[in-house]
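Thank you all for coming. Please have a look at the protein on the screen, and I will then walk you through it step by step.

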Amino acid sequence: MEWDHLFDDLEGQLASEWEAERAALDAESERLRISKLTLHDRLRALCGQASVVVLDLGDEHRLHATMRTIGADWIAVTIRNDPRPLIVPIAAIAGVGTDHGSLLGSLAETAELSPLRARMDLGFVLRDLARRRTTVALAVRDGGLQHGTIDRAGADHLDIALHDAGEPRRTSTVRGFRVVPFSSLRWIRAEQPGARLP
């Protein structure tokens with residue numbers, strides 16, 4: 001009988017050691033997976049959850065927003081009670097505040113972007129807004145807000161014809177022109193209700 005107890009104890013200890021070893025391997029595997037996550041991966045997961053976040057865009061400029069979609073180097077969000085999309089360059093984000101559940105959910109594995117969406121960089125989106133002659137508002141790093149129509153978008157900058165927010169772009173309404181580097185953009189908002197991203 002004592003031999004039976006001895007073998008039962010040994011089996012229990014062995015099973016316990018295997019369980020502990022498996023748990024340690026699983027934990028190490030998870031740490032390795034998380035170490036390879038990028039900010040883009042985390043933002044993609046937050047978009048998939050339509051998470052409510054606070055985007056810190058530097059100099060105490062914060063957006064309380066709902067994550068909507070993501071492209072190659074930008075995210076689209078909406079602000080409470082305003083259906084117009086805001087396009088935020090990922091490079092403009094200094095921090096993301098969210099609840100603990102969303103934070104942990106952003107660690108989950110998510111599907112990769114479609115090949116087309118993965119190629120949609122900020123320039124692509126801004127060229128589409130220029131093609132559609134969409135009136136926009138631009139928030140730039142110095143705290144300024146500019147209204148107008150994007151005339152063209154290059155690889156790392158855009159040209160905007162400045163005019164009042166409610167006015168269409170006409171020669172008589174344009175007050176001036178600016179070249180704006182993408183690196184100075186905090187966000188871009190399509191001013192027309194119902195404006196959609198590509």
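Before counting anything, let me say that helices (H or I, at least four residues) and strands (E, at least two) are DSSP runs, numbered from the N terminus. On that basis, the protein has five helices and 10 strands.

What you see is a predicted model, in which local features need pLDDT of at least 70 and side-chain atom pairs count only at pLDDT 80 or more, while totals for chains, interfaces and linings use all residues. Residues are numbered from 1 along each chain as its sequence is written, and side-chain values use heavy atoms, with hydrogens and water left out.

As for confidence, pLDDT is the predictor's confidence in each residue, from 0 to 100. Its mean over the protein is 86, with 90% of the residues reaching 70 or more. Confidence is lowest in helix H1 (residues 2-35), at a mean of 71, whereas strand E8 (residues 157-162) has the highest, at 96. Where pLDDT is low, the predicted coordinates should not be read in detail.

Let me turn to one residue, histidine 147, which is found in strand E7 (residues 145-153). Is histidine 147 buried or exposed? Buried means under 20% relative accessible area, exposed over 50%, and partly exposed in between, with a 1.4 Å probe and protein chains only. Histidine 147 has 19% relative accessibility, and therefore counts as buried. Across the protein, buried residues make up 41% of the 198 residues.

Contact means heavy atoms within 4.5 Å. Leaving aside neighbours within four places in sequence, histidine 147 is in contact with residues including Val136, Ile160, His163 and Arg189.
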